[in-house]
Amino acid sequence: MTPADEYRRDIRKVPIPADSNPRGFFCIRHGNRGSTLQKIFLNYVAIGCGGFLGAMARFAVGRIFTGSTFPVGTMVINIAGSMFLGWFATVAGNRLPLSEPFRLAIAVGFVGAFTTFSTYM
């Protein structure tokens, strides 16, 4: 504990827990579980990578169903994406011990970009 922390404790008369972080949210804490900021950043990177792959898959599958006046490709992709998301949510929630970044990369990133990217086509 630094002298400034001791001074703050004496002035406020409020006990500071040993595991607290008086420097704020953005201070990286070292420990076995990693910091909160690092976990949030990893989740964002996982969603971005999944989104990139989902958008590329949407573009590739959309090219297969071109030439029709009815948007068959959009319908097929949205139905397949929603069915896959339902299956994945069931499997990931009940049967497989998957990490949070992996679940976010597939469910939010990949399936989200796979089904939503169709609005631009």
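Guide: What follows is a set of questions about labels in this predicted model.

Visitor: Why is the pair of phenylalanine 84 and phenylalanine 88 called stacked?

Guide: By the ring rule, the count comes to 3 aromatic pairs. In the pair of phenylalanine 84 and phenylalanine 88, the centres are 6.0 Å apart and the planes make 20°. Centres within 6.5 Å make a pair and planes under 30 degrees apart count as stacked, so the label applies.

Visitor: How far apart are phenylalanine 84 and phenylalanine 88 in helix α3?

Guide: Phenylalanine 84 and phenylalanine 88 are 4 residues apart, so about one helical turn separates them. Phe84, Trp87 and Phe88 form one aromatic cluster.

Visitor: What makes phenylalanine 110 and phenylalanine 114 a stacked pair?

Guide: Their ring centres are 5.8 Å apart and their planes lie at 5°, so the pair is stacked. Both residues lie in helix α4 (residues 100–116), 4 residues apart, about one turn of the helix. Phenylalanine 114 has 11% relative accessibility and therefore counts as buried, while phenylalanine 110, at 25%, is partly exposed.

Visitor: Why can phenylalanine 70 be partly exposed and also belong to a surface patch?

Guide: Its relative accessible area is 47%. Patch residues need over 30%, so phenylalanine 70 passes that cut-off. Phe70, Met75, Ile79 and Met83 make a nonpolar surface patch of about 420 Å². Phenylalanine 70 itself lies in the loop between α2 (36–64) and α3 (72–94).

Terms used
Residues numbered from 1 in each chain as written. Predicted model: local features only at pLDDT ≥ 70, side-chain atom pairs only at ≥ 80, totals over all residues. Heavy atoms only, no water. Patch = residues over 30% accessible without salt bridge, like charges linked within 9 Å, V, L, I, M, F, W, Y side chains within 5 Å. Areas by Shrake-Rupley, 256 points an atom, 1.4 Å probe, with all protein chains shown as cover. Salt bridge = Lys/Arg side-chain N within 4 Å of Asp/Glu carboxyl O. Helix = DSSP H or I, 4+ residues; strand = E, 2+ residues; numbered from the N terminus. Buried < 20%, exposed > 50% of the residue type's maximum accessible area, 1.4 Å probe, protein only. Phe/Tyr/Trp six-rings, centres within 6.5 Å; stacked < 30°, edge-to-face > 60°.
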